[in-house]
Structures are given as C-alpha cells and as structure tokens.
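Please open the structure in your viewer and keep the sequence beside it.

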Amino acid sequence: MRRVFLPWAAATVFLLGHANASGRTKPGSALELQVINFNFETVQVTWNTNAYAGINFTFFYKFKTKEEYRPCSSYVLQQGYRAGCLLDVQGDGPLYFSIRNGTEPLLTKGLEISAYLKPRSPDDLSFQWREEAVTVTCSNLGYNDLQYEIQHKTIFDSEWQSAEAETCNITIHGLDAEKCYSFRARVKALEFAYGSETYPSDWSEVTHQQRGVLRDSCWENSFFPKFILIAGMVSFLTVFLLLLSLWKLHRIKKVLMPSVPDPKFSFLGLFESHQGNFQEWIKDTQNVAPLNKMEDGDLECAPEDAVVVQPAEAETPKTLVMASPLYPQTGEEEAAGDSGQLPRQQPQGRGVISLGDFTFVMSDNSYMML
C-alpha cells in the first residue's frame, strides 16, 4: 500500500491565539497536539490545556473534504475540562479537524492518520523447541511494512535480548533447554513506510517457558535454591569470622595477661588439707618437728630455734640440728653425730633449709621460700 503524507502531517505544535477576558484570542500562544492512531481502529487527538486553563474547546472533524464537520461525541477530560477527542475510524485515510473556542475557530488542519500509527500488541504466542533453539510465532496484523520484535531473558540476565523480523515467525538460537526463559513481543511500524512519528505497540504479556513447558514464573524453580545457597554461604562466613575472632582474642589475652601457676599443683595438700597454712603443711609433709629433749638431759626442752629435719623421701634419714646461739651444743651432742650428718650451721637467728627443689629461710615463727 502506498502511503501519501500531507505537508501538515508531521506538525504537532501549532501557534494559536490566546483568549483574553472578552473571549478573544491573542496570537502567538502554542497549542501542543498529540495524535495516536490505534491500529487503524481508533484515533485519539489530545491537546495541552495548560496555556488555556478554564476553557472548554470544541472539536469538529471529518474524513472527506466534501463532508460537513461533525462535533466530537467522545471527549477526553482533564481536570474537568476537555483535553481531547476519540474518533472511530475504518482503515487508513486523511483526517480533517477544527478546534474552536465557542464559535471562533482556533485551529483547522488535516493529516494522514497512518503517520501516527501505533500497532496492536501481538497475542497468542506459540513456541516450538528444537534442542537449543525455539521458534516463536504469532498472528500477523492485517497490514504490511511492520517489524516484529521478540525479546527473551532468564532470571540471571540483566537485560532483554532481541530478535526481529518482518513476520511474526522468529527463531532464536543458542538457548539452554534446562533454563527457564521469559518471552515478550511487540510490533513497530517501519519508518520508510509510515514516517518517524509512529509509536511501537505495547509489549505483549510475558510468557515463561522451560523445556517446552509453560510455567507461571521462572522464579518458582530458581529462587529458593539460589536463596538457600546464598544464605548458607553467609552463615558459614559468619561462623568462620566468629571463630577467628575468638581465637585472636584468646591469643591477645594470653600475651597481655599470662597465666599464673597455681601453687596447689606444686604443694599437694597445702590447700586441700591445711587450708593454705604453710607451717602445718610443711610439718606434715616434710616431717619437720621441734626437738623436745636434748641428748645430754640437762635441758628439759630444746630451744625454739632448734628443729630436726627428716626428709620423707630419703631412705636414710639425715638429721640437721640447728641451735640457737643462746644454747650452744655440748660435746656429747657433737659426738653423737656421725659422718652422715649435715654440717651444723649457725644462722644467727635464721636457718636455710633445702628440700628437693625448694629452699626455705626459717625465722622464729615463719618459713620463707626462696
């Protein structure tokens, strides 16, 4: 079909007169028009009323030059005022219209409605799968010079991928039959036949397909496994970081506050049996007892400083007699000793005793470990 364009068809902004208080118009005001031809079935003519607030324009139209103008029977309202008109048409052809303010014509024009074509959206999409390809078909519209566009994507794609043809029979290659795909379609009028003022159709309803099976949504099979995988990875990472933090904290605490040895492991029974009384513990554990009677019989009791030390672990007891300088030993006491005796010491009020790995300094009423 040969398209004929009228010289005024591409214009959508027209200079009109602006109405003043007396109802007259002043030249120079712009009236913006928008014309949409819905699939050669309905034509919508709308205008911008911002510069003409509070004014109800009247729309008259006709399809042939010799016809009389007819008033619009279906107005488009905006904020209670007329902003356009809907016209029923039958096929392609010219449209003549007049916009009036009362009885005064503001704009009288004619245009070719095909220059503002907006095709109908494709419907009844069908799919034929063959391994890694799918052929999408739909019913062709009743006129030519159109371009059909099929788009597809998976839930992992950020953008739609397009395939185009002049008929609604398009094959898409390189698909994964195991994945779920979403498809949609639309129609565009070719510019060389209809001009540059046309509109693409609205997108068809999205269809979801997987292995040739129609599905309600592609998310129903992919959302939960993906969610579980992400949740598991986040949980594992959280536990790992928590354990790492605890390990680092333990090492830092060990460096800043080193552990102090517990004396109860070195002095068995000191706290369990003697409640920490060291003198009682050393008497009981190391067989340390006061010497109550000297061998010479002259003294009824030994001086306070004299003690007899008999280590419990030694097989042959060794006696160490420590005498205070106030009570010197007699000759008989020196003769009573043998070669196995420890050397006698005069600590001037103090004595030093070594028991195994421990060394004690003894005063009148206490012991001190070195």
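**A tour of the disulfides**

Select Cys138 and Cys168 to begin: the torsion about their S-S bond is about 115 degrees, so this disulfide (a pair of cysteine sulfur atoms within 2.5 Å) is right-handed. Cys138 lies in the loop between β12 (133-137) and β13 (146-153), while Cys168 lies in the loop between β14 (161-165) and β15 (169-173), so the pair ties together parts that are 30 residues apart in sequence. Strands here are DSSP runs of E with at least two residues, and helices are runs of H or I with at least four, both numbered from the N terminus.

What you have open is a predicted model, in which local features need pLDDT of at least 70 and side-chain atom pairs count only at pLDDT 80 or more, whereas totals for chains, interfaces and linings use all residues. Residues are numbered from 1 along each chain as its sequence is written, and side-chain values use heavy atoms, with hydrogens and water left out.

Next, select Cys180 and Cys218, which form a disulfide with their sulfur atoms 2.0 Å apart. The torsion about the S-S bond of Cys180 and Cys218 is about -70 degrees, so this link is left-handed. Cys180 lies in the loop between β15 and β16 (181-189) and Cys218 in the loop between β18 (213-215) and α2, so the pair ties together parts that are 38 residues apart in sequence.

Finally, select Cys72 and Cys85, whose sulfur atoms are 1.9 Å apart in a disulfide. By this rule the count comes to 3 disulfides.
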